[in-house]
Amino acid sequence: QLQAFGGGLVQAGGSLRLSCAASGLTFSNYPIGWFRQAPGKEREFVGGISRGGSITSYADSVKGRFTISRDNARNTVYLQMNSLKFEDTAVYYCAAGRTVGARLIRDYDIWGQGTQVTVSS
């Protein structure tokens, strides 16, 4: 199972770090992706990280502002979000997939509960 947490309310321009904690699975076997879903919109890919953490990929909308890292010893993946914008407001989800760099929802098999991020303008 996966659980995302660390969301909250932050002002535009601020920072927030989300965590995704895993249990009951061999965490290091899985590439991990972050997705988000804003009200009335489809869930979209934010970024992903390879099993060992050496490869990351990001959506253009967050590139240069968001950073994904992982600590396999702690079974945790992090999403550091800087220079937050109002349009980053969404529920953020983490998911375990099969393919490094995958950006489609169907490529991810295990999903955690989301955490709400609200950016005030």
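1. In this predicted model, strand 7 (residues 66–71) and strand 8 run antiparallel and are joined by 6 bridges. Within this pairing, Thr67 stands opposite Gln80 of strand 8. The two strands form a hairpin, with 4 residues between them. Asn75, in the turn, has a positive phi of about 55°.

2. Strand 8 also pairs with strand 3 (residues 16–22), again in the antiparallel sense and over 6 bridges. Here Ser19 stands opposite Tyr78 of strand 8.

3. As to burial, strand 8 is mostly covered, with 5 of its 6 residues buried. In a regular strand, side chains alternate between the two faces of the sheet.

4. Strand 8 spans residues 76–81, and Asn82 is found in the loop between it and strand 9 (90–97). Is Asn82 buried, partly exposed or exposed? Its relative accessibility is 28%, so Asn82 counts as partly exposed; the buried class would require a value under 20%.

5. Which residues does Asn82 touch, leaving aside those up to four places away in sequence? They are Gly14, Ser15, Arg65 and Phe66. With one of them, Ser15, there is a polar contact between side chains, at 2.9 Å. Phe66 belongs to the range of strand 7 (residues 66–71).

6. Asn82 can also be placed relative to Ala12: the two are 70 residues apart in sequence, while their C-alpha atoms are 9.5 Å apart in space.

Terms used. Residues are numbered from 1 along each chain as its sequence is written. This is a predicted model: local features need pLDDT of at least 70, side-chain atom pairs count only at pLDDT 80 or more; totals for chains, interfaces and linings use all residues. Side-chain values use heavy atoms; hydrogens and water are left out. Buried means under 20% relative accessible area, exposed over 50%, partly exposed in between (1.4 Å probe, protein chains only). Contact means heavy atoms within 4.5 Å. A polar contact is a pair of N or O atoms within 3.5 Å; within protein, one must be able to donate a hydrogen and the other to accept it, and residues adjacent in sequence count only if both atoms are side-chain atoms. Two strands pair if DSSP finds at least two bridges between them.
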